[in-house]
Amino acid sequence: MNLDLCPLPVTAGPATDSDTGSATGAALRAPVPARRAALAGAGLGAATGVLGVGGGFLAVPALVSFLRFPMAEAIATSLLVITLNSLAALLPRLGASAEIPWSTVGPFAAAAVLGAWDGKRLAAKLSGRTLQRLFAGALLAVAALMLVDAVL
């Protein structure tokens with residue numbers, strides 16, 4: 001077994017065309033070297049740690065650009081990474097003295113889950129290229145809001 005290869009990014013089904021998101025029938029995509037994946041993950045972790053923000057908005061571009069994931073696969077992988085990071089941050093705090101405002105967290109989390117399901121259904125109807133453009137637009141909007149907030 002080659003330990004330099006990370007088995008996670010191998011597509012289980014036919015490869016998809018990055019422009020359209022449609023199946024091309026091509027063979028399975030080659031695995032990404034584990035060192036390259038670890039380097040991308042370390043860079044992502046360092047950037048999100050310094051910036052004090054969640055990694056989702058940086059993970060998708062890193063997965064698409066640096067690790068060559070198709071957009072849909074990058075989104076799913078990003079969500080998994082966010083879930084694992086969130087659990088790792090939550091578990092030590094569960095026994096801490098800080099109280100969690102469940103009356104706010106519960107409805108917020110429930111609505112977020114419902115929104116994620118709706119978003120998944122919508123994403124299934126869009127091409128990888130359209131998803132990339134929507135994601136880029138959202139990033140630009142957030143960046144503009146952050147710039148306005150920082151300047152004012």
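From the N terminus on, the elements of the protein run β-β-α-α-α-α-α. Helices (H or I, at least four residues) and strands (E, at least two) are DSSP runs, numbered from the N terminus. The model is predicted: local features need pLDDT of at least 70, side-chain atom pairs count only at pLDDT 80 or more, and totals for chains, interfaces and linings use all residues. Residues are numbered from 1 along each chain as its sequence is written, and side-chain values use heavy atoms, with hydrogens and water left out.

Confidence comes next. It is given as pLDDT, the predictor's confidence in each residue, from 0 to 100. The mean pLDDT of the protein is 78. A value of 70 or more is reached by 78% of its residues. Confidence is lowest in strand 1 (residues 5–6), with a mean of 41. It is highest in helix 4 (residues 102–124), at 92. Over residues 1–27 the pLDDT is below 50. Beyond near neighbours in sequence, this stretch has 48 contacts in the model, a contact being heavy atoms within 4.5 Å. Where pLDDT is low, the predicted coordinates should not be read in detail.

Two totals describe the protein as a whole. Buried residues make up 16% of its 152 residues. Buried means under 20% relative accessible area, exposed over 50%, and partly exposed in between (1.4 Å probe, protein chains only). Among contacts between residues at least 6 apart in sequence, 52% join residues at least 24 apart.

Helix 2 (residues 56–66) meets helix 1 (residues 34–51). Their axes come within 10 Å and cross at roughly 155 degrees. Axes are lines fitted to C-alpha atoms, for helices over the stretch in contact, and angles run from 0 to 180 degrees between N-to-C directions. Helix 1 and helix 2 are therefore roughly antiparallel to each other. Angles under 35 degrees count as roughly parallel, over 145 as roughly antiparallel, 65 to 115 as roughly perpendicular and the rest as oblique. Helix 1 passes helix 2 in a right-handed crossing. A crossing is left-handed if the near helix is turned anticlockwise from the far one by less than a right angle, and right-handed if clockwise. Helix 1 contributes R36, L39, A40, L44, A47, T48 and L51 to the contact, and helix 2 contributes L58, A59 and F66. These residues divide into 8 nonpolar, 1 polar and 1 charged. Ala, Val, Leu, Ile, Met, Phe, Trp, Tyr, Cys and Pro count as nonpolar, Asp, Glu, Lys and Arg as charged, and the others, Gly among them, as polar.

Helix 2 also meets helix 5 (residues 128–151). The two axes come within 11 Å and cross at roughly 140 degrees. That makes helix 2 oblique to helix 5. Their crossing is left-handed. On helix 2 the contact is made by G56, F57, V60, P61 and V64, and on helix 5 by Q132, F135 and L139. Here the division is 6 nonpolar, 2 polar and no charged.

F135, found in helix 5, is partly exposed, with a relative accessible area of 24%. Leaving out residues up to four places away in sequence, F135 touches G56, F57, V60, P61 and M71. F135 and F57 are 78 residues apart in sequence and 8.6 Å apart in space, C-alpha to C-alpha. S78 lies in helix 3 (residues 71–94). At 3% relative accessibility, S78 counts as buried. With residues up to four places away in sequence again not counted, S78 touches G56, A59, V60 and L63.
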